[in-house]
Amino acid sequence: MKLLEVLDEIGMSRSAFYRMRARGKAPKCIKLPNGQIRVRQSDLDSWLEGHEESTF
């Protein structure tokens with residue numbers, strides 16, 4: 001997925017995403033030779049599942 005698609009799905013700004021990525025808290029990313037960032041849908045889904053809160 002393109003970075004803009006990821007940001008739209010998780011409702012986050014680009015700057016917040018890059019801060020999270022610098023801290024190692026973002027989903028696994030792929031950096032293309034042209035510098036663009038991509039995220040596999042499966043990696044994003046796994047990352048989201050890891051941040052679910054259980055409700056009782």
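**Notebook: a look through the helices, pairs and loop**

I started with the overall make-up: the chain has 3 helices and 2 strands (DSSP runs, H or I of at least four residues for helices and E of at least two for strands, numbered from the N terminus). This is a predicted model, where local features need pLDDT of at least 70 and side-chain atom pairs count only at pLDDT 80 or more, while totals for chains, interfaces and linings use all residues. Residues are numbered from 1 along each chain as its sequence is written, and side-chain values use heavy atoms, with hydrogens and water left out.

**Entry 1, the whole chain.** Reading along the sequence, I noted the pattern α-α-β-β-α. The C-alpha trace spans about 45 × 20 × 20 Å along its principal axes. I found that 23% of the 56 residues count as buried (buried is under 20% relative accessible area, exposed over 50%, partly exposed in between, with a 1.4 Å probe and protein chains only). I also looked up contacts (heavy atoms within 4.5 Å). Among those with a separation of 6 or more, residues 24 or more positions apart account for 32%.

Which residues of α1 are buried? I found L3, V6, L7 and I10. They cover an arc of only 100 degrees around the axis, which puts them on the same side of α1 (the arc is that of the directions from the helix axis to the C-beta atoms). On the other side of α1, L4 and D8 are exposed. The cover over the buried residues of α1 includes α2, β2 (37-38) and α3. Just after α1, I saw G11 with a positive phi of about 65 degrees.

In α2, residues 14-22, I noted A16, F17 and M20 as buried. Seen down the axis of α2, its buried residues fall within an arc of 100 degrees, so they line one face of the helix. Their cover includes α1 (3-10) and α3 (41-49). G24 follows α2, and its phi is positive, near 80 degrees.

From α1, L3, L4, V6, L7 and I10 meet R14, F17 and Y18 in α2.

I found 1 aromatic pair in the structure. The rings of F17 and Y18 have centres 6.2 Å apart and planes at 80 degrees, so the pair is edge-to-face (rings of Phe, Tyr and Trp, its six-membered ring, pair with centres within 6.5 Å; planes under 30 degrees apart are stacked, over 60 edge-to-face, the rest tilted). Buried or exposed? F17 counts as buried at 0% relative accessibility, whereas Y18 is partly exposed at 33%.

My search of the whole structure gave 1 salt bridge (a side-chain nitrogen of Lys or Arg within 4 Å of a carboxyl oxygen of Asp or Glu). D43 forms a salt bridge with R40, their closest N and O atoms being 3.9 Å apart. R40 is partly exposed, at 45% relative accessible area.

Where is K28? I placed K28 in the loop between α2 and β1 (30-31). K28 is exposed, with a relative accessible area of 57%. Leaving aside residues up to four places away in sequence, K28 touches V39 and D43. The C-alpha atoms of K28 and S46 are separated by 9.5 Å, and these residues are 18 apart along the chain.
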